[in-house]
Structure formats: C-alpha cells, structure tokens
Amino acid sequence: MSAPASPLFADRRAIGLLLALLALLLALPALVNSYILSVAILILYFAYTGQAWNVMMGFCGQLSLGHSLYVGVGAYTVAALFVHYQISPWVGVWLAVVICTLMGLVIGFLAFRFGIGGTYFALLTIAFAEFTRIGFDHFDWVGSSGGFFLKVESHGTLDLLNLRGSPTMFYYLALAMCAAAFVFCAWLLKSRAGYYWQAIRENEEAAQALGINTFRWKMLAVGISSAMTSLAGVFFAFYYNNLFPEQIFNISRSIEIILGPIIGGIGTLFGPILGAAVLTILADGITELVAAMGLEIPGVKQVFYGVVLLLVVMFLPHGIWPTLARKLGLGQGSGK
Amino acid sequence: MSALLEVRGISKAFRGLKAVTGASLEVPQGAIVALIGPNGAGKTTCFNMIAGVFKPDSGEVVFAGRRIDGLRPDQICNAGIGRTFQIVKPFAGLSGLDNVMVGAFNRTVHAAEARRIAFEILDKLGLGPKRDLPAASLTLPDRKRLEVARALATRPRLLLLDEVMAGLRPTETDVMVEVFRELNRRDGLTILLIEHVMRAVMALAQNIVVLHHGEIIAAGAPQDVVRDPAVLECYLGEETEV
Ligand SMILES: Nc1ncnc2c1ncn2[C@@H]1O[C@H](COP(=O)(O)OP(=O)(O)OP(=O)(O)O)[C@@H](O)[C@H]1O
Ligand SMILES: [Mg+2]
C-alpha cells in the first residue's frame, strides 16, 4: 500500500497552473503600465502579510488582530538603522526579525501561559499594537508622531544593497517574498508542525491528549507568523519611505491584513493570495470609480471592505478558494 | 506481579459535589480491566484524573512505577497512556487519515512514516475505506473508532477506553472486542475500559471494578462481580436478567 502524496502536489494540473501564474507574474512589469504595477505590488504585499497571518490563525487557530504591530516595528527598526547608521536593510532585517519575534513570543507567553484564548487573545494583540503606537507617537529618535522619512533617490538608480530603486525592483522583491512564503507555508502544512497546529485549531484538548505540548506549538506559530510579518515591515519602510505611527500601527492596517485570507479562505495556501487580489483590485476599482464620478466619499474603501466581508461570510463561509478549487477540479481545495 | 497502573485513593469534587471519593484500583501489565457503574458514578472523572485533565484533590496515580498525578495530559500521553473521549473530540475539519497521523507524529517526525502508521491502524479498525472523508462527516460509531485509532497511533502501553462500544450493533461490538483482544494478545497492550455494554465487558475483562456514587463498591473476577448483591442492586439488576 503506497501513501499518496498530498492532493495539491499530486495534481499536475495545479502545478501547471501555478507555473503559468508564476511565468505571467515574472513577465508582468514588461507588460503593464506603472499604475497597474503599483496595484500588483499592493496585491503581493497583502498576499504576503495574509500568508504570514494565516500561519497563526489559519493553521493554528490563534486570532491576531494586531499584526500591524510587527509590520510597524519591523519597518521602524530597519528604517532607523538605515537613516541613523546607514546600515543596509539586508543587515537591519535580522534585528527586525529578532525584535518582532520576541514581541510575538511575549504576547504568546502572556496569553497561553495564563489561559487567555479566543476573543481575549485577540484583544490582547490589539492592546499591544495600540500601546506600541502610543509609544512611537512619543519616540523622538524616530520622529514621533511627526513621521519618520527615508531619503528618496532619483528614479533611475538601482541600489539593491540599500533597497533603493524603481517600482519594478520592489515588484520583484515582493514577488520573491510571496513565492518564498508560499513554498515555506506549503512545507509547514505538510510537516509535523502543520498537523499539530491544525489539531490544536480543531480541538485543543484532543491535541493535548495525543501528546502535543500545545503551549510550545502555539508559541512556534506566533513566532513564525511575527517573524514573517516583520519582513513585510521592512518592505513597507523602503517602498513607501515614510512612516507614521498613526498609520502603520493603526488597527485598520491589521484588519486589512486579515481580510485577504478570510475572503480567500482561511487556513488554505491560495486563500491569502486570491483574497489579496480580489480585495485590492475591487477596492481600487471602487475608489477610482468614485473619483471618476467626481465624488469624494471618505471611508468608501472601508465600507466596501465591510460589504465584501459580509457577502463572503454569508455565501462562502470558507472563503472563495475552497469553492473555486472544487470548480477547477484541483483536488480537495482544503488547501493541503 | 506489579501493576502497570496503580490508582491510590484518588478523590475529586466539583464545587462541593463529590464526583470521586477515595477510589483505588490496579491494572496489571498486560491485563484488560473494566470500570463499570451507573451514569454519573464518576467513571469519566477517574479517567480524567489518570489522563491529567484534572489533578486529583487527593490520592496518587502511579504508572510504570512513576507518579503521574498532576502532570499535563500531553506528558501523560508521552509517558505511555493513550485515551479516548466519551464525548468524541475529532479534529472535525481534517480527514480521518490526518486525525490518526496527528497521533502517529508522536512516534516519528516524518510525514511518510506517520502516514504509514496511520494506514495500518485505520485498516485494523475498519476505517480504511473512509480515511479520506472529513472526520465531521463520519457516523458516531465511526468517530468512536477514530478516537481509538488516534490514541493507538501514539503507541500507548496503556489504553483508556471511555464507552467506545456505545451505539454499536451487537455484531459490530463483537468485531471491536476482537480488535482489542488482538491488540492485547499480540502487542501486549494493557487496557482499562469504561463500558456499559456488558456483552463487551464480559468478553474482554479479566477484572471488573464497580464504581457507584464516586466510590468503589466491588472489584474482582467478572463472574464474582456480576453476582455481587451490592452490584446487582445498584447497577446490573435489570440487565443481567436479559
Ligand atoms: N467538569 C465537570 N464539572 C462539574 N461537574 C462534573 C464535571 N465532570 C463531571 N462532573 C460531575 O461528576 C459526576 C460524575 O461524572 P462522570 O462523568 O465522571 O460520570 P460517569 O460515571 O462517567 O457517567 P456516565 O456513565 O454518564 O458517563 C457527575 O455528577 C457529573 O455531573
Ligand atoms: Mg462517563
């Protein structure tokens, strides 16, 4: 009796589609204008952060509503090292990862040691992001609430070492991050960690009875998720070149991160990518449309997010991907 | 012969309600022992104290010569005790195969090896054809089998079974009984089972312990226990007539 490989990778069609998608994405900057490229970068950014958040919530069932914390701290860490000490982001990133992972582990420790779960855990993650925002509002070394800025070079330069360059460079950087995150998460999901996390997500008491030290494995999920998210912060800092505590740590940033996977399909590998694409394209379309009609409606994007979320939760409670995968005949669509 | 599991005078009260009072029992290495008693007698509470869900208010649990009371459930599993839940707790969104693989990862870090172990155990319990279905879609008897399969996958020395035959048809009960006999005889698995189905108890148990109102009122060989007047009065009265 031979053991079948997991459905996704046994399915040649899925691999074929994936390669075709990758080829298209690699060629994209040559095919589209700068506006579309900027939307594509945004999609990749949210696909990446969604994938990172998904490790914690989708795989392990631990709801974080404060992932903007890791984006913000990651961003400020590399930006401060770069601006104050001219330290390359490729070096600074390590410190960002260490700090964010530690913060994640502290939150995890407080919650899991003292049996804080579910909604209360989510509130704790919000609280940490909020405290940090307030802290940065008064942190003069990085510009406090007035903002912190990276010098923008002229457009022609390409300085990979210092991540100074054109949108095309950032596009490929984001694509590389997404691809790496995808492969990493696929590997995680098929390994013992993936099985243990899903067991904890589905029934923690039963997981414990099967010998799983649930504290330790939940900590691992938080650690990996926060480390991955800090990299998004590094990208954010060098792509946008300006950081404001009010914006980067804002809870609506955290919500944006989680909408993609929720709409695409929590716990699946393609869900965060699909959700990011759907949301970003639609949200941008709506914003454009409203602007084209000569209207100015503040918060139209937020209202739109709310509506999409409502529709998906009502009609596709598991997200778009599981249903789509079934339609495409791509295995079980459960994301494995 | 020294016992694999020794429970010495354990007690547990829930907000004043005494669920178990001073219960002692022994499970010798290689034996099958049944724990019976009316509803609410405290059987599951005993299991939960052995398996680490509750720390006993008093008393000791000794497994393979080592005190285990107060340890966490995962530590007790790793010490060699597998358990099923009376109210089944499947990983509902995962396939039957994945459910059992979670248990099997206790023995190996390699997914392929865990899968191989899981296949073998699922086949043994007759769940082979249903292994790719989500656990949520299984019937209750199948979910009970899955509980057993998952616990077995951790390769326990002692298996605690909490009413796994409930809801099975008599022929299915006989199949399960045969599975446990086989595990006991061939693999030397020691079993402590809570069961209301006397047909299974009589077929399997070398020893029976009877719990009533949280206290042990009888213990011994099956033929003696089922004739014990106290046991007949509180529990077996009507059933043994059948
Ligand atoms: N977690 C709990 N909290 C409060 N009371 C409990 C708890 N678990 C059990 N009890 C109570 O302890 C007593 C013993 O329950 P237990 O589940 O151990 O009985 P049992 O012998 O397994 O019964 P059954 O045959 O119905 O499964 C009951 O009165 C029950 O209500
Ligand atoms: Mg019970």
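In the predicted model, A:Leu188, A:Leu189 and A:Lys190 of helix α7(A) are in contact with A:Arg192, A:Ala193, A:Gly194, A:Tyr195, A:Trp197 and A:Gln198 of α8(A). By residue class, this contact comprises five nonpolar, two polar and two charged residues. Helix α7 of chain A spans residues 167-190, and its axis lies 4 Å from that of α8(A), at a packing angle of about 70°. Because angles of 65 to 115 degrees count as roughly perpendicular, α7(A) is classed as roughly perpendicular to α8(A).

The contact between the two chains involves 25 residues from chain A and 31 residues from chain B. Together, chain A and chain B bury about 2300 Å², and carbon and sulfur atoms account for 63% of this area. Eight residue pairs are in polar contact between chain A and chain B, with both members at pLDDT 80 or more. On the side of chain A that touches chain B, α8 (192-202) and α9 (204-209) each contribute at least two residues. The largest contribution to this side comes from α8(A), which provides seven residues. In composition, the side of chain A that touches chain B consists of eleven nonpolar, eight polar and six charged residues.

One salt bridge is found across the interface of chain A and chain B. This salt bridge pairs B:Lys89 with A:Glu205, and the closest N and O atoms are separated by 3.4 Å.

Key: Residues are numbered from 1 along each chain as its sequence is written. Chains are lettered from A and ligands numbered from 1 in the order in which they are written. This is a predicted model: local features need pLDDT of at least 70, side-chain atom pairs count only at pLDDT 80 or more; totals for chains, interfaces and linings use all residues. Side-chain values use heavy atoms; hydrogens and water are left out. Contact means heavy atoms within 4.5 Å. Buried area is the accessible area (1.4 Å probe) that two parts lose on being put together, summed over both. A salt bridge is a side-chain nitrogen of Lys or Arg within 4 Å of a carboxyl oxygen of Asp or Glu. A polar contact is a pair of N or O atoms within 3.5 Å; within protein, one must be able to donate a hydrogen and the other to accept it, and residues adjacent in sequence count only if both atoms are side-chain atoms. Ala, Val, Leu, Ile, Met, Phe, Trp, Tyr, Cys and Pro count as nonpolar, Asp, Glu, Lys and Arg as charged, and the others, Gly among them, as polar. Axes are lines fitted to C-alpha atoms, for helices over the stretch in contact, and angles run from 0 to 180 degrees between N-to-C directions. Angles under 35 degrees count as roughly parallel, over 145 as roughly antiparallel, 65 to 115 as roughly perpendicular and the rest as oblique.
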